Amino acid sequence: MNNPIQIVNVDFVKQANGALVYRLIDRHGPISRIQVSEMSGLAAASVTKITRNLLRFGLVKEMEPQESTGGRRAISIVAEREKFATVLIRLGRTSVTVATMNLATEVLFKQKYQLQIKQSLAQLEHYLLDLIKEAVAKYLQSGGQIIACGITVPGFVDQKTNTIHFMPQLNLKKPWKLAEQIQQAINLPVFVGHDVRALALAESYFGKTKTCNDSILLRIHRGVAAGIILNKELFSGSKNNLGEIGHTQVDPLGRPCKCGHFGCLETLVSNPAIEDTVRQLLEQGHHSEWVSLERCDLDSICRAVNQGDPLLVELFQKIGRHIGQVLAVCINVLNPEKIILSGQITQAQKILFPAIEKALQAMALAEFVKHTALEASELEHDDIIGAFALIKRALWNGELLVQLLEE
């Protein structure tokens, strides 16, 4: 039998090799070219050629020679993180956050703007472009260089075409090519992603799942969604969108959900759902020493839970059971090393987490639960760090790197 002919895309190999070298320098620097060659399996000549291109653009820099081990001392290389910046946008339901952040994850500028309740898509797009241009101009005055723009949204995103297909507050009649419009306006590569999935990626790069191969991030805010990391890669599936576990039914007789069903997890544990439940309890005559109808935001509720308010402790134990019920299914299917819970609700984790863990132990496979840690996210700037993670991924997989080096 004849062996099948394998066609190798030379450009893809170059991109993959360049990304591998940069990733090793970024993660392990200071590091010598010889060490990069040993860790990557690439020939020393290939590593030298790639690092020469990286040095030419300035993405890496040389440091003082390492101590000699007998022979010429090796020169160490590190990633340049302060010289380059990114523009980050988090477009939410009622607000937009615009920021600039350098490759060392230092926030250089950050501003949150409220969106008008009623505006057309064209008006929103024009407003966003003005904010982005202003942020770019402000940073460029400092003499630095911006290499890319990242944007996250609470909707369905097709990463293959870099387009937005659905957003809760917008009536999109066709895919929204926001990335294309931004790219034309500021002449920079733009990467768009789902906010929670991007946050899971950020947790894998910079947070508590950095050492994990498989993990789940559950984000509870105005909605409930999850991001899944498998083999250190963000799992998107062939359809580009998954992780909407907030629309798993936990109470068939529960409240109507915006998805059209009843009793979804989101209708019970999201921030608005918790606040509405507490208001209803107070209106029914239940007493709380720490919250009232006038002071019923989630921060106040969590403080009351931590103070031991009987009414709210019981409520959060019930919320924990609901969350655990859905996460138990996720554990049985994916068997992750860690589950990270993100959102304001984690302020009350000393009551919430034991309730979740109790439900997991009752509903998930014992062997799986035993080896799955439950922790609260401690990521800083969780509104924009997901957008930065999209750019980081594009550097590490070579998609952005190859564009920069071709300039």
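A crossing of two helices is called left-handed if the near helix is turned anticlockwise from the far one by less than a right angle, and right-handed if clockwise. Two packed helices are described by the angle between their axes and the distance between the axes.

The model on display is predicted, so local features need pLDDT of at least 70 and side-chain atom pairs count only at pLDDT 80 or more, while totals for chains, interfaces and linings use all residues. Residues are numbered from 1 along each chain as its sequence is written, and side-chain values use heavy atoms, with hydrogens and water left out.

**Stop 1: helices α8 and α10**

Select residues 271-283, helix α8, together with residues 310-334, helix α10. Helices (H or I, at least four residues) and strands (E, at least two) are DSSP runs, numbered from the N terminus. The axes of α8 and α10 come within 12 Å and cross at roughly 140°. Axes here are lines fitted to C-alpha atoms, for helices over the stretch in contact, and angles run from 0 to 180 degrees between N-to-C directions. The angle makes α8 oblique to α10; under 35 degrees counts as roughly parallel, over 145 as roughly antiparallel, 65 to 115 as roughly perpendicular and the rest as oblique. The crossing of α8 past α10 is right-handed.

Next, display the side chains where the two helices meet. From α8, select I274, T277, V278 and L281; from α10, select L311, L312, L315, F316 and I319. Contact means heavy atoms within 4.5 Å. The contact of α8 with α10 comprises eight nonpolar residues, one polar residue and no charged residues. In this classification Ala, Val, Leu, Ile, Met, Phe, Trp, Tyr, Cys and Pro count as nonpolar, Asp, Glu, Lys and Arg as charged, and the others, Gly among them, as polar.

**Stop 2: helix α9 against α10**

On the α9 side the contact is made by I301, C302, A304 and V305, and on the α10 side by L312, V313 and F316. Seven residues of this contact are nonpolar, none polar and none charged.

**Stop 3: helices α1 and α3**

Move to α1 and to helix α3, residues 44-57. The axes of these helices come within 10 Å and cross at roughly 75°, which makes α1 roughly perpendicular to α3. Select N17, G18, V21, Y22 and I25 in α1, which meet V47, I50, T51 and L54 in α3.

Then select P30, in the loop between α1 (10-28) and β1 (31-32). The peptide bond joining G29 and P30 is cis, with omega at about 5°.

**Stop 4**

Select T100 in strand β5, residues 95-102. T100 counts as buried at 1% relative accessibility; buried means under 20% relative accessible area, exposed over 50%, and partly exposed in between (1.4 Å probe, protein chains only). Leaving aside residues up to four places away in sequence, T100 touches T86, V87, E106, V107, L108, F109, A135 and Y139.

In the loop between β5 and β6 (107-114), select T105. T105 is not a glycine, yet its phi is positive, about 60°. T105 is partly exposed, with a relative accessible area of 32%.

**Stop 5**

K232 is found in the loop between β12 (224-230) and β13 (233-234). Phi of K232 is near 65°, a positive value in a residue other than glycine. K232 is partly exposed, at 32% relative accessible area.

Now select K160, in the loop between β8 (156-158) and β9 (163-166). K160 is exposed at 66% relative accessibility and touches S238 and N240, not counting residues up to four places away in sequence. How far apart in space are K160 and S300? The C-alpha to C-alpha distance is 42 Å, for a sequence separation of 140 residues.

**Stop 6: the cysteines**

How many disulfides are there, taking a disulfide as a pair of cysteine sulfur atoms within 2.5 Å? The count comes to zero. C264 is in no disulfide, and the nearest cysteine sulfur, that of C259, is 3.7 Å away. C264 is buried at 1% relative accessibility, and C149 is buried at 0%.

How values were computed:
Disulfide = S-S within 2.5 Å.
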